[in-house]
Amino acid sequence: MSPLSSATNLRPWLRKAAVLLLAIGLLYVALIAVMLTRQESLLFYPVKLPADFRFDKPDVFERKLEVPGATLSALHLRQANAKGLIFFLHGNAGNLDIWLPSTEFYRRAGYDLFMMDYRGFGKSTGHIESEAQLHADVRAAWDTVAPEYAGRPIVIYGRSLGSGLATKLASEVEAAQLILVSPYSSFVQLGKDHFPWVPSFATRYPMRTDEWLTRVSEPVLLIHGAQDTLVSVKHSEALKAGHPAADLIVLPQAGHEDVHTFPAYTYSLLLKLADLAAAH
């Protein structure tokens, strides 16, 4: 067979290979476009509640926070002679009714609780449009409730999604303690963990907990489950490495969703809260 005929026979295969590569490239671009345009639906899983839904929890009062373009729903547990306040920022799914099934822990600790639903969650109106908007809403909630506890310790608590929001807030305001449960070092790194094929520039919510934590002056407590498959414990270890003064508690048998069910979690928090109250 002559070189010419060999080249002729290869051309159909080269064309097929080129078409296949083009198709793969177009599919990749389409997937990146979906990541960019529909990122909120991939990150947030709100569960709506009817506008007339009633939170039937003793001593828990519903509050409404007006923010640009939305009204946020929040719950505020008020107790007589409360030692302080836990400003709680929850995860990326559910609503206040799911996140606050019981107030027993807070009563036992002697602390009031303030917890808000993000836009589109529960009875909160609107929808999340950007990371900056999330931070602005959290700050508006803080500015509303924090002055009510002047002179008493306020703990900023963030779990999962809320851990980044809590850290950013703690880097800007004065609080007695920052507690992060199942935190991520950043959404950029979290994206690399689960979708290594997605370029970093496609992450519209970078959520750089690692950078904000370096500017936090409050004491920091990190709690993470060693069996967490959603946010690896390596994220807390990285945060600890970047902020050596932080305390890190790893629960060997805990995962992402059940970390709060372990006695070591409850004991650690109660001890920390008692120490804060004694110091004030």
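This tour moves from one arginine to the nonpolar cores and then to a helix. The model is predicted: local features need pLDDT of at least 70, side-chain atom pairs count only at pLDDT 80 or more, and totals for chains, interfaces and linings use all residues. Residues are numbered from 1 along each chain as its sequence is written, and side-chain values use heavy atoms, with hydrogens and water left out.

Select Arg63 in strand E2 (residues 60-67); strands are DSSP runs of E with at least two residues, and helices are runs of H or I with at least four, numbered from the N terminus. Arg63 counts as buried because its relative accessibility is 19%; buried means under 20% relative accessible area (1.4 Å probe, protein chains only).

Next, display His76, whose side chain makes a polar contact with that of Arg63 at 3.0 Å. Such a contact is a pair of N or O atoms within 3.5 Å; within protein, one must be able to donate a hydrogen and the other to accept it, and residues adjacent in sequence count only if both atoms are side-chain atoms.

Move to Ile156, Phe87 and Trp142, which are among the residues with the most contacts inside the largest nonpolar core, a set of 45 residues. A nonpolar core joins buried Ala, Val, Leu, Ile, Met, Phe, Trp, Tyr and Cys residues through side-chain atoms within 4.5 Å. A second, separate core of 30 residues includes Tyr157 and Leu251.

Finally, select helix H6 (residues 161-170): 10 of its 10 residues are buried, so the helix is largely enclosed by the rest of the structure. Leu165 and Lys168 are among these buried residues.

Conventions. Buried means under 20% relative accessible area, exposed over 50%, partly exposed in between (1.4 Å probe, protein chains only).
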